Amino acid sequence: MAAELFELELYGDNVERRYRRMRPEVEAMPWGTFDTTGLPEAAVIMARKQWTSAAFQEHRTAVACAAALRALMECRAPLDLIAMASRFPLDELVHVEMTARMAMELGGGTEIQFEADHMIVDAEPGLPPLLRAADMIARFFCVGEAVSIPLLRATWHAARHPLPRAVLGRIVKDEAAHGVFGFLFLDWALESMTEADRRHIAVAADRGIGAVRALWRGIEQRRRDGGYDESPGDALGWLHSDAYLELAARSLETQVRKPLLERGIPISR
Amino acid sequence: MRKRTGRKLLVATLGVAAVSYVACGDGAVANLMAPPQDAGADSAADTAADTTTDTFSPLDLIANLIAPQQ
């Protein structure tokens, strides 16, 4: 599969108007007010990269939410639970738009090459529907979304400019429901699961936890290596590494590992 | 065909702080978790690698973790 450049477009016309009616808060944000004058060029490029990366990650999360939604329907999860999750892909698309526009506000997106067939890691197709859903939901929601909430909230508080504050505030508001969803699903699904199923979920969660920790080790190594001035970070809308890593470790314990272990999921990471 | 007035939402500048997720598709093996590699000389270097014997694909991570210095 050929690599593609991560860029995005809007259809426009009535389609955009319908979309705007669904989520009017996006256009109400103070777009066009971010002045990068006086900020070091390297910091602005880093910020463009961070927001472009955030748009890509939100786009991947939208794919993940859609995949999980299909699995929820296939395993006939409770209808109200599926309905709750049906909002998530739209939430993520809104986040894609806001983060992409932040990158453009700072001077434009940076280069991300990706393969459209490999946006997420799907559950094995041979698994029974319930376990297929549980595999994805453990990785996407019980780990990824759950651990991201405190980090997003802290970054929101750190951001000084009204635009990134508005963007991050919106994301925080939406993600609150995403963060609890995984455990709501498990509380239903575990009623009919075997010990082997629980071990399968643990392996899936461990995979997600391992990927999160690997990302954080990378940040720690770059911090040790030095060479980048983090001081403009709060102006541009992100946390400094030390604060981030400290909160990340605590959040993984309280938001992910503890609730999984409390539900008898034998994670090993 | 009806003409529409669509527009670009995100336009990337080639060569700036480049990151590749290509060849990360097999989410279970290989040296995958040096989080996204920088190809651009004009951004802070991304040199991190998972130093343990375990390896994880960047695709195993589903979340916008807004990490500093990714």
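Helix 2 of chain A, in this predicted model, has 34 residues and reaches 50 Å from its first C-alpha to its last, close to the 50 Å expected at 1.5 Å a residue, where the expected span is 1.5 Å times one less than the number of residues. Helices here are DSSP runs of H or I with at least four residues, strands are runs of E with at least two, and both are numbered from the N terminus. Of the 34 residues in helix 2 of chain A, 25 are buried, so this helix is largely enclosed by the rest of the structure; buried means that 20 or more other C-beta atoms, placed from the backbone, lie within 10 Å of the residue's own, exposed means 12 or fewer, and partly exposed is in between. Just after helix 2 of chain A, Arg76(A) takes a positive phi of about 55 degrees.

A word on conventions. Residues are numbered from 1 along each chain as its sequence is written, while chains are lettered from A and ligands numbered from 1 in the order in which they are written. Because the model is predicted, local features need pLDDT of at least 70 and side-chain atom pairs count only at pLDDT 80 or more, whereas totals for chains, interfaces and linings use all residues.

Turning to chain A as a whole, we find 9 helices and 4 strands. The radius of gyration of chain A, taken over C-alpha atoms, is 19 Å, close to the 18 Å that the globule rule gives for 269 residues, so chain A is as compact as a globular protein of that length; the rule is 2.2 Å times the number of residues to the power 0.38. Buried residues make up 46% of chain A.

How many residues are in the largest nonpolar core? There are 90, and among those that touch the most other members are Ala68(A), Ile137(A) and Val143(A). Such a core is a set of buried Ala, Val, Leu, Ile, Met, Phe, Trp, Tyr and Cys residues joined through C-beta atoms within 7 Å. Its largest share, 16 residues, comes from helix 5 of chain A. Leaving aside neighbours within four places in sequence, Val143(A) is in contact with residues including Ala205(A), Val212(A) and Val256(A), contact meaning that the C-beta atoms, placed from the backbone, lie within 7 Å.

Now to the interface, where the contact takes 72 residues from chain A and 46 residues from chain B. Helix 2 of chain A gives the most to the side of chain A that touches chain B, with 14 residues. The residues on that side divide into 32 nonpolar, 22 polar and 18 charged.

The two chains also share an open sheet of 3 strands, in the order 1(A)-4(A)-3(B), with mixed pairing; two strands pair if DSSP finds at least two bridges between them. Strand 1 of chain A and strand 3 of chain B stand at the edges, each with a single partner strand, so one side of each is left without a neighbour in the sheet. Strand 4 of chain A and strand 3 of chain B pair in the parallel sense over 2 bridges: Ile112(A) has Val19(B) as its bridge partner, and Gln113(A) has Ser20(B).

Finally, Pro266(A) lies in the segment after helix 9 of chain A. Is Pro266(A) buried or partly exposed? Pro266(A) is partly exposed, because 14 other C-beta atoms lie within 10 Å.

Methods. Two residues are in contact if their C-beta atoms, placed from the backbone, lie within 7 Å. Ala, Val, Leu, Ile, Met, Phe, Trp, Tyr, Cys and Pro count as nonpolar, Asp, Glu, Lys and Arg as charged, and the others, Gly among them, as polar.
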